[in-house]
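User: I have a structure open here and would like to go through it with you. Can you take my questions as they come?
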Amino acid sequence: MMDRQLRRLGAAFLVLFVVLFAQINYVQVFGAERLADNPANAKRQLIAEYAVDRGEIVANDGRTVLARSRKSPGELRYQRLYPQGPLYSGITGFYSFVYGKTGLENAYNDYLTGDAAELLPQTLADQVLGRPRRGGTVVTTIDPAMQQAAAGALGAQEGGVVAIQPSTGYVRVLYSNPNYDPNLLAAQDTAKVTAAWKRLTSSPDNPMLSRAISELYPPGSTFKTVTSSAALSAGYGPESRWPNPHVLDLPQTTATIQNFGGEYCPGGSQITLIEAFTVSCNVVYAEVGLKVGAEKLAAQAHAFGFAPTTSGETVPFDIGWSHGVFPDASYFADRLPEVAISAIGQAQDLANPMQMALVASAIANQGVEMRPRLVEQVRDQDGRVVKTFGPEVYGRPISSRVAAELTQMMISVVEHGTGTAAQIPGLTVAGKTGTAQHGTGSENPHAWFVCFAPRLDLAVAVVVPDGGNLGSEATGGQVAAPIAKAVLEAALRG
Amino acid sequence: MSQIAVPEPRPRQATAVALTILAVILSVGAYVLVGLGKRGKVPLTLALYGSIFAVGFLIAHLVIRRFAPRADPALFPTAGVLTGLGFAMIFRLSGGLAAEQATWIAVGLLLFVITLIVVRDHRQLDAYTYTIGLVGLVLLLLPIVPGIGQTINGARLWVALGPFTFQPSELGKVLIVVFLASYLNAKRELLAIGTSGVGPLRIPPLKHLAPLIVAWATSLAVLFLEKDLGASLLYFAIFVVLLWVATGRATYLVIGLVLFAAGATMGYLAFGHVQLRVDIWLHALDPNRVNAFGYGQLAQAQFGMATGGLVGAGLGRGSPGLIPYASTDFIFAAIGEELGLLGTVAVLLLFVVLVGKGLKTAMEARDGFGKLLATGLTVILAIQAFVIVGGVTRVIPLTGVTLPFVSYGGSSLISNFVLLALLVRVSSGRAPGRGRRLT
């Protein structure tokens, strides 16, 4: 007699369980993605991210490992390792579960995690076979021997070095000092990572700032390569003759401009452009700037990749960088003296080794500026090449004639000018020194050297701020040229 | 009444043997998979835990065969698989808890066997209506007693005796069901008579309504004094359902619902923690609150189950450790994470089978007491499973009850095995032949 109620009770229970079935279907399948993406789900998102056997970042030899993953016993299944320590920190950046990712770790994240479309077949196969997901290998253009040479030559001095293969734009060296060990930030101990981050970000050395591609300095006399480009393009040949006083009165003002050390440039009352370039004659290049004019000077600088402000992007690059700064022509309309000063790489001019290496590369490559590249190819989990980043032209800032003339002028600098410290027996080196005054902090000048070796298909730019080891006595030829030379020698050996 | 001894046909015994072996295989298999998934090797404790399941389940099977030969063959194996699955999950979460749970499983199986041997006929219990009822009530209210009662996680459900703490209400609810079945079976004729009333609502005389009021008051006492929402809801549901099943009068359901609504409203208005539960239920995924106590654990349960998806991360390969109380209240979410929708559906289906078999046992019981007893025991399992799974999946506000047989916890596991033994006992006493209608 109670069976009627029992049947109804059974039906009622069934309804309750059907509700549960519906709900778990929603939670686990239909609404699962929304739950997974919930901002509050950070911990699991992190665990999912670290469950991937993130791909390696290797040098252009395919063997030198800049970054790799190692199995970790903790909740996060893989841990990022940087076997070379700080040496490549400016390239790889870091991969931290507290502070995110930078550098190639950030820019090529999709390839490193296997999310990129090219890697999908392998990723899916791994998933079906129940293997942990693996990412692709990012093969950089970096040459480990040259990178080592740059680091060794720079030593403890603050500075930045960039080397580019002019014909391809492949970046062979990207080094900055001081730098940091990305392993500290990739650790899986929050307290340690936070402490390391505090130390790095509060250090007066600013070790996470790349002197090679991020910081900007007055380029000084290395900018004469740009001024020369404008002059040569305007029809003033290397043998064109210019007045040669030791002091130049600037227009609209009582200010004057002097040569380095207040000396006369050699050659009497007149001097050729190539000779003025070889000895880095400021007075003459100020005249050249005024003669060529703000219009052409600005246009030339902008063609190389300089821009009126630091914002925006001129030359694209795999990781974030700061292009050089040169004002618009209009800026000089009521500031004529600044044209003269800008022509010798002071005033508003700013650059870094990357920008100057691009200038040198364009000169070395018959006037064709290649887009700089840090990654040559991506390989899948089994080593097959799935993506190749070939050479790409950025622009033609100068003609091949101007490039050839400028090359001769730069060779002259190394053969018997300010850049003799970069001479390498049996190898023709074209270069330009820079010793830049700057109003910031130290009285010591920034030492610069920009060069290329045509036979090696390699351009190098070096900056050593505040004179490096030589301090106030520093010149680009003495401090920066030997570092560039060391990189060229490493390339010669390789 | 005398029972006619009809030998059970072979296929039924074969089914019971096969299902029991299957339960052992599933239980031990899940546990070995946890070891493989977690450390890549077969766990060292295999011999120990494996034999608890193999020997324990086999002994239980033999005792059922000897002392309850006509019992439903699926009851014990279904509960066995749930126990095994829960154990595997607990082992996955913590080796220490697993060792304790293994002990409780052994004790639970022992009490299952003892109950079956001692209670040869469920009608024996019918003779001790008030004694059992009083003991049940005492167990229910024991945690309120100052000095021995303990508050854990905000609920005063625990009793400490020397080094042991236990939840007396777990066994208390089984005894309360026995009492109610006995009491209602005796009084149901009286309770079924409606004398006064308005319109279609026939209200029975006040003195027969008294038990309903007492049960309601007891539930409220549990709610107010022990701060245990889940148990309070469970007692009241058991009482109302049994009253309705016994009398067939829908009036009791209506009055029950009204009283429930009143009690729930009172609870909500009176207690901050009840209001908090409701707020957590509604806003568990609100990013602004997710780090607050309570919200986070429910959100983590959702995230865990979502991570599990259709097939789960695999035993030992998810992160159920992120879910607070993953081995007790939230074990369903932990299963959802590592075994996916397939796992959670399997668990729910096992409960559907258990509840279905329980109600079938009630229908096939030949005496009113047996019917009400089986119904009450089944209601415990069904409501408890619904309340905790519904709470974990945000169908209803979360109230802390265990998932029967699955969750970690000695008091709960032991009481559930006693409950199961009584259900098996009632099912063994069913009308001969009715179970074989289809053959």
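User: How many helices and strands are there in chain A?
Analyst: Chain A has 18 helices and 19 strands. Keep in mind that this is a predicted model.

User: What does the C-alpha trace of chain A span along its principal axes?
Analyst: About 130 × 50 × 40 Å.

User: And what share of chain A counts as buried?
Analyst: Of its 494 residues, 55% are buried. As for contacts in chain A between residues at least 6 apart in sequence, 70% join residues at least 24 apart.

User: Now chain B. What is its secondary structure?
Analyst: Chain B comes to 14 helices and five strands. It has 439 residues, and buried ones make up 54% of them. Among its contacts with a separation of 6 or more, 71% are between residues 24 or more positions apart.

User: How many residues of chain B are in contact with chain A?
Analyst: 39 residues of chain B, and they are in contact with 30 residues of chain A.

User: Which helices of chain B supply that side?
Analyst: H8 (229–247), H11 (295–308), H12 (331–364) and H13 (368–392) of chain B each supply at least two residues. H12(B) gives the largest share, with 12 residues.

User: How does the side of chain B that touches chain A split by class?
Analyst: There are 25 nonpolar and 13 polar residues, plus one charged residue.

User: Switching to cores. Which residues have the most contacts inside the largest nonpolar core?
Analyst: B:Ile238 and B:Leu242, in a core of 149 residues.

User: What does B:Leu242 touch?
Analyst: Leaving out residues up to four places away in sequence, B:Leu242 touches B:Leu180, B:Ala181, B:Leu184, B:Leu372, B:Thr375 and B:Gly376. Another core, of 142 residues, lies apart from the largest one, and A:Ile57, A:Leu374, A:Ala430 and A:Ala474 are among its members.

User: Back to chain A, then. In what order do the strands of the five-strand open sheet run?
Analyst: The order is S8-S7-S19-S18-S17 in chain A, with antiparallel pairing. In general, strands of a sheet pair through backbone hydrogen bonds, either parallel or antiparallel.

User: Which are the edge strands?
Analyst: S8 (171–177) and S17 (430–436) of chain A; each of them pairs on one side only. From one strand to the next, the twist averages 5°.

User: Over how many bridges do S7 and S19 of chain A pair?
Analyst: Five, with S7 covering residues 159–164 and S19 residues 458–464 of chain A. Within that pair, A:Val162 has A:Ala461 of S19(A) as its bridge partner.

User: Which helix packs on the sheet there?
Analyst: Helix H8 of chain A, residues 144–154, which touches S7 and S8 of chain A. Its direction makes about 30° with that of S8(A).

User: What about the strands S1 and S2 of chain A, how do they pair?
Analyst: S1 (residues 57–58) and S2 (residues 65–71) of chain A are antiparallel, over two bridges. A:Val58 has A:Val65 in S2(A) as its bridge partner. The two strands form a hairpin with six residues between them, and A:Gly62 in the turn has a positive phi of about 75°.

User: And S2 with S3 in chain A?
Analyst: S2(A) pairs with S3 (residues 78–81) of chain A in the antiparallel sense over four bridges. A:Ser69 is opposite A:Arg80 in S3(A). S2(A) and S3(A) also form a hairpin, with six residues between them.

User: Next, H11 of chain A. Why is it described as largely enclosed by the rest of the structure?
Analyst: Because 10 of the 10 residues of H11(A), residues 224–233, are buried. They include A:Lys224, A:Val226 and A:Leu232. After H11(A) comes A:Gly235, with a positive phi near 105°.

User: Last one, H17 of chain A. What span should its 17 residues have?
Analyst: At 1.5 Å a residue, H17(A), residues 400–416, should span 24 Å, and its end C-alpha atoms are 24 Å apart, which agrees.

User: Which residues of H17(A) are buried?
Analyst: A:Val402, A:Ala403, A:Glu405, A:Leu406, A:Met409, A:Met410, A:Ile411, A:Val413 and A:Val414.

User: What do those pack against?
Analyst: The buried residues of H17(A) pack against H11, H12 (273–278), H16 (353–364) and S17 of chain A.

Conventions:
Residues are numbered from 1 along each chain as its sequence is written. Chains are lettered from A and ligands numbered from 1 in the order in which they are written. This is a predicted model: local features need pLDDT of at least 70, side-chain atom pairs count only at pLDDT 80 or more; totals for chains, interfaces and linings use all residues. A residue is buried if 20 or more other C-beta atoms lie within 10 Å of its own, exposed if 12 or fewer, and partly exposed in between; C-beta atoms are placed from the backbone. Two residues are in contact if their C-beta atoms, placed from the backbone, lie within 7 Å. Ala, Val, Leu, Ile, Met, Phe, Trp, Tyr, Cys and Pro count as nonpolar, Asp, Glu, Lys and Arg as charged, and the others, Gly among them, as polar. Two strands pair if DSSP finds at least two bridges between them. Axes are lines fitted to C-alpha atoms, for helices over the stretch in contact, and angles run from 0 to 180 degrees between N-to-C directions. A nonpolar core is a set of buried Ala, Val, Leu, Ile, Met, Phe, Trp, Tyr and Cys residues joined through C-beta atoms within 7 Å. The expected span of a helix is 1.5 Å times one less than its number of residues.
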